[in-house]
Amino acid sequence: MNKWLKALEDCLEKGRVLTEVADLYSYSFDASFGEHLPEAVVQVKDKYEVARILKLANEYGVPVYPRGAGTCLSGGPLPVHGGIVLDLSKLPARIDVRPDDLTVTVSPSVRTGDINKEAEKHGLMYAPDPSSAHVATIGGNLAENSGGPRGLKYGVTKDHVLGLEIVTPEGELIRTGGQTIKNVTGYDLTKLIVGSEGTLAVIVEATLKLMPKPPAVRTMMVAFNEVRTAGEAISRTLTSGVLPSKLEFMDQACVVAVEQFQPIGLPVDAAAIILVELDGPEEALKVEQEKIEAIMKDMNAKDIIIPESDEEAAKLWHARKQVSPAIAKIKPTKVSEDATVPRSKIPDFMDRLQVIKEKYDLEVVAFGHAGDGNLHPNILCDQRDADEMKRAELAVEEMFEAAIELGGTLSGEHGIGTMKAPFMEMELGDVGVDMMRRIKQVWDPNNILNPGKIFAEKGQKLVLRND
């Protein structure tokens, strides 16, 4: 037995260190591509255990891979160099709402959707709403800086974090930020850690901002005969002075897939549909809705549908959430990307996606948070077809190139992980990536915390095949 493994078992009670092959395979994958076996899995129960494990791992030079619910789409928790998977999902789930301060303190094992449920009991809300909120943990959302439909109006996860308690790679517990809205003491380590994908520290507690729940909500569905016109309508809406809480896009393939999966009467003959949600005082919403209707009519919308009840509106939003499972019925493998472009460039990006689709003879569908330019082009393919997967790899690379050429970014909310690491220099340049490597070196001099993520290793390429 490895000395480090014996030391690990000695510092934890029996049954907390998993080394059986079946257990290791259970932690060898996430929701992206790739499979890597760890040498051990540790299910921690408190922050002091996290500190002891990291201190031991740092002493022996053993890689540690923090993991939440395993819903990551970029390979964030994959144990690419073996070592230890640190399972944080077993930590006691704690949600401490402070209504008078408009804050909530949570443990990383809490499901993100449960935070909002607790906030609503006090007439408040936690704004970030990733589609996986019902299964993903807040620790994973913090690590990946997750977004969601409401990101258009309320921002992504980092915009709602006031403070953290973290364990450094050397096993030290420290706090960043605090309980206050204003805090400019020194470097903003909180913002540095959020979105660092577990490469700098392990988050063991977070204090998040809450806000009053809007008094009223209105939903609209708008259908278009042309995808480009839908994109132009989005830009027109966002420069009108009206800021929707959600502005979502679905192309025709997505609409058809949802109707075949769970039909509710979506317009399958439309080239694209836009879902709009407005929130705020009822009087203001009436004016904003009329303004958006006028814009959509001016843009020659095929149809404008206003739900007559909350139940009808809920069905439309449920249909949007069914896109991912619905398109998965078309082909067995789904490559889900989240390249993001400036909102004014959405029509151009959609044109580029069509060219890529035809060039590589692939089924490409698009949906996502069009209000902030965060689209989710999905390539539908079959992992058993090596040639098709090779074409998919080339198509993904061209999608990233297109996004960056249009002034966009590799990722709006899925993170970099292993999937996008080979493309970092494409966006940031050699010097930009080197500066990030220097930060990593200072925080984690022995490179034990989530190595193999964000920074590409020599010769690393995107691989979607199981060769």
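What follows is one request about one residue and one connected reply.

Colleague: Where is Asn-446 placed, and which side chain does the side chain of Asn-446 join in a polar contact?

Modeller: Please keep in mind that this is a predicted model. Asn-446 belongs to the segment that comes after helix 15, and that helix covers residues 424-443. Its relative accessibility is 44%, so Asn-446 counts as partly exposed. The reasoning needs two cut-offs: buried means under 20%, exposed means over 50%, and partly exposed is what falls in between. The side chain of Asn-446 is joined to the side chain of Asn-58 by a polar contact of 3.1 Å.

Asn-378 sits in strand 18, which runs over residues 374-381. With a relative accessible area of 0%, Asn-378 is buried, whereas Asn-446 is partly exposed. The side chain of Asn-378 reaches a backbone atom, the oxygen of His-376, at 2.9 Å. For Asn-446, the contact given above is between two side chains.

Thr-157 is a further buried residue, and its relative accessible area is 1%. Thr-157 is found in a loop, with helix 6 (151-154) on one side and strand 8 (161-167) on the other. Between the C-alpha atoms of Thr-157 and Gly-68 there are 16 Å in space, and along the sequence the two are 89 residues apart.

The volume of the largest cavity is about 40 Å³. Its lining is made up of Ala-31, Ser-32, Phe-33, Leu-73, Lys-334, Val-335, Ser-336 and Met-419. Sorted by class, this lining has 5 nonpolar, 2 polar and 1 charged residues.

Last, the aromatic rings. The structure has 1 aromatic pair. In general, such a pair is described by the distance of the centres and the angle of the planes. A charge over a ring is a separate matter: Lys-246 lies over the face of Trp-317, and the distance to the ring centre is 4.7 Å.

To return to your request, Asn-446 lies after helix 15, and its side chain has a polar contact with that of Asn-58.

Terms used:
Residues are numbered from 1 along each chain as its sequence is written. This is a predicted model: local features need pLDDT of at least 70, side-chain atom pairs count only at pLDDT 80 or more; totals for chains, interfaces and linings use all residues. Side-chain values use heavy atoms; hydrogens and water are left out. Helices (H or I, at least four residues) and strands (E, at least two) are DSSP runs, numbered from the N terminus. Buried means under 20% relative accessible area, exposed over 50%, partly exposed in between (1.4 Å probe, protein chains only). A polar contact is a pair of N or O atoms within 3.5 Å; within protein, one must be able to donate a hydrogen and the other to accept it, and residues adjacent in sequence count only if both atoms are side-chain atoms. On a 1 Å grid over the protein atoms alone, a cavity is a set of points where a 1.4 Å probe fits but cannot get out, and a pocket is an open set with protein on both sides within 12 Å along at least five of seven lines; lining residues have an atom within 4 Å of a point. Grid points are joined across faces, edges and corners, and a volume is the space filled by probe spheres set on the points. Ala, Val, Leu, Ile, Met, Phe, Trp, Tyr, Cys and Pro count as nonpolar, Asp, Glu, Lys and Arg as charged, and the others, Gly among them, as polar. Rings of Phe, Tyr and Trp (its six-membered ring) pair if their centres lie within 6.5 Å; planes under 30 degrees apart count as stacked, over 60 as edge-to-face and the rest as tilted. A charge sits over a ring if NZ of Lys or CZ of Arg is within 6 Å of the ring centre and within 35 degrees of the ring normal.
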